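Here are a few notes to read alongside the model.

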Amino acid sequence: MPKINVLPKEVYSLIAAGEVVERPMSIVKEMIENSIDAGAKHITVEIKNGGTTYIRITDDGCGIAGEDVKKVFISHATSKISTGSDLDSIATLGFRGEAMASIAAVAKVELLTKAENEETGVRYEIAGGEELDFSDAGCPQGTTVVVRDIFFNVPARMKFLKKDVTEGNSVQGIVERIAISNPDISFRFIREGRQAMITAGNGDLKSTIYSVYGSELSETLVPVEYFYSGMRLTGYVSRPHQSRKSRAMQFFFINGRLVDSRLAKAALEQAYKNLIMVGRFPACVLNIEMDTKLVDVNVHPAKIEVRFVNEKPIFDLIYYGVKTAVEQQDTVKEGKLSDNSISSVYGNQIKTNSSKIDFFKKEEKPNQLKFSSASPKTWSLASPKAQLRRETSEEENIKKDIKEESVFDKPIEAKEKAEIKTEQIGIPVQNNAFSENTQPVTEEIDSSVIVDEKDDAPVFRVVGEAFRTYIIVEIENDLYYIDKHAAHERMNFEKLKAESNISSQLLLMPVAVKLSAEEYSVITDNIPLLSKCGFEVEDFGNLSVIVRETPSMLDGSDIKDLILEIAEKLLRHKTDIEPDKMDWIFHSTACRSAVKGGDYTSEKERELFVEKLLSMPDIRYCPHGRPVMIKISRYELEKQFGRIQ
């Protein structure tokens, strides 16, 4: 039988240190949290070689009394708690009293501190758990901690450290995250002798985010402030059309403590459901202020995981807070024209942002802009019906060559203007009506493109349609490019979700659909759900189903493909939540029933469609998350033509 040994102090200290000190980033996090708990208003972090050989953290907090300095490095010695009941309501970032002892066990530590009411400060050195020096020192109020050569006495741990650049990036990441969780504290980060970050400490979260992450993130954000069940949610979230490829920019804080919470991430992404594309993620900086008794932070050695007494109020707080902010403050996506997007012509090429496009190819497409090699002042527009040519010195030729009447000659005027309740999409919202002078249009209208109800819409003028896909609309000093398929798809989706009893149509000929074993199983299991969504589907046996009815907005074509698509979505997005399943079915139905890009729509259809769309300011994204319209301001356009500087 093996003998049980009592481990010596130097061994169990190394074991305890392994739970707290994983890498330089862990050390920086623990010491910054101590500085914040000490009431510091200015914190400076400096590292060298990624923090593996040198870390210095200076603050102007309350300092440490000389008689307590040695206690700092004793395991489980802390000023944050004193009894077991204190663990039920932890209000400080640190509380276990083991961080500094763990750091001193695997590194060389020098501490310089002075308390407010003491005349002189104290200098204390400890390495590998062994005291080296304790003496008086002159220093300002606050604390400075220098950590050198981490894992100098544990070579096995040192070899698992990554490259200096990688470790330095991890340190910078944690400093940045703590900085945005404490906008009232000024942080300064020095990396390899260069200042990498500084924040003002003025309490303005937006300016702190700008200082840390720049305009790339800060300009995409809308503010959040929401109260629910005695809790408060504050911070910023990104606009749906400015989502990101990963969750790297999702930061959650509980009472100022950085946490990693699956619950919070799920609530955030649920709030963006049907607003962003699959595989894209919103960015956020969100802080939850709540009763400390309702959250347990004593779960993980790194104190980054938390548990809640009741998760549902937390989920609802984030979900409704974020959803409300996005719906009220999001705007139409703005298109930016680069300075080089319309540029000078040199010979037979035009310069653009990404490449040089050669327009002299053997195969020329209709409506393609091409340039003459004779002079950079000559341009022509090839068209299947007519060709427009222009010489800058021959203005008379322009009048002769232009045979088609300009759309701008017949604007849609308004009889009256009236504001409506919301301007959520950034469009000046006014009532739209046809002028008495407007000529009636007698074209036959495709009713599938038009929605019955008519609400107030802003004054607009349909300029035309590009590529039979994008309707171009002028509103005051802005141009709006509307993706008619994406917009119509969203309108259909919202209509399906709003109907309690979805109207169905009986197919003249039932459609049999052959499925794989998995597809057959998921469709037959969800026949009652499909019925709620307007489909009458019957099990036909032999891995087949028969479709007898479909939602009335469908034209009856491509039923097989639609059922296969629904089966694939139900398989890929496995969930027991019925509304989620219905959403995926509505996605497919709305997409199939919407007008397609490339389909012909008459002038009158476009006018009525735009009028209905602009009267529904909540429609800004298709169910897949793509924007339904993009705004380009007159300023941006005139800047490209050199009318303004």
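1. A residue is called buried when its relative accessible area is under 20%. Tyr319, at 17% relative accessibility, therefore counts as buried. Keep in mind that this is a predicted model.

2. Now for the rings. A pair of aromatic rings is described by the distance of the centres and the angle of the planes. The count here comes to 5 aromatic pairs. Take Tyr213 and Phe251: their ring centres are 5.6 Å apart and the planes meet at 15°, so this pair is stacked. It ties together distant parts of the chain, with Tyr213 in helix α6 (residues 205-213) and Phe251 in strand β11 (residues 250-254), 38 residues apart. Tyr213 is buried at 17% relative accessible area, and Phe251 is buried too, at 5%.

3. Back to Tyr319, which forms a stacked pair with Phe315, at 6.2 Å centre to centre and 15° between the planes. Both sit in helix α9 (residues 311-329), and because they are 4 residues apart there, about one helical turn separates them. Phe315 is partly exposed, with a relative accessible area of 25%.

4. The charged end of Lys70 sits over the Phe134 ring, 4.9 Å from its centre. Elsewhere on the list, Lys108 has its charged end over the ring of Phe152, 5.2 Å from the ring centre.

5. How many disulfides does a search of the whole structure find? It finds 0. As for individual cysteines, Cys139 is buried at 16% relative accessibility, while Cys591 is partly exposed at 23%.

Notes
Residues numbered from 1 in each chain as written. Predicted model: local features only at pLDDT ≥ 70, side-chain atom pairs only at ≥ 80, totals over all residues. Heavy atoms only, no water. Disulfide = S-S within 2.5 Å. Buried < 20%, exposed > 50% of the residue type's maximum accessible area, 1.4 Å probe, protein only. Phe/Tyr/Trp six-rings, centres within 6.5 Å; stacked < 30°, edge-to-face > 60°. Helix = DSSP H or I, 4+ residues; strand = E, 2+ residues; numbered from the N terminus. Lys NZ or Arg CZ within 6 Å of the ring centre and 35° of its normal.
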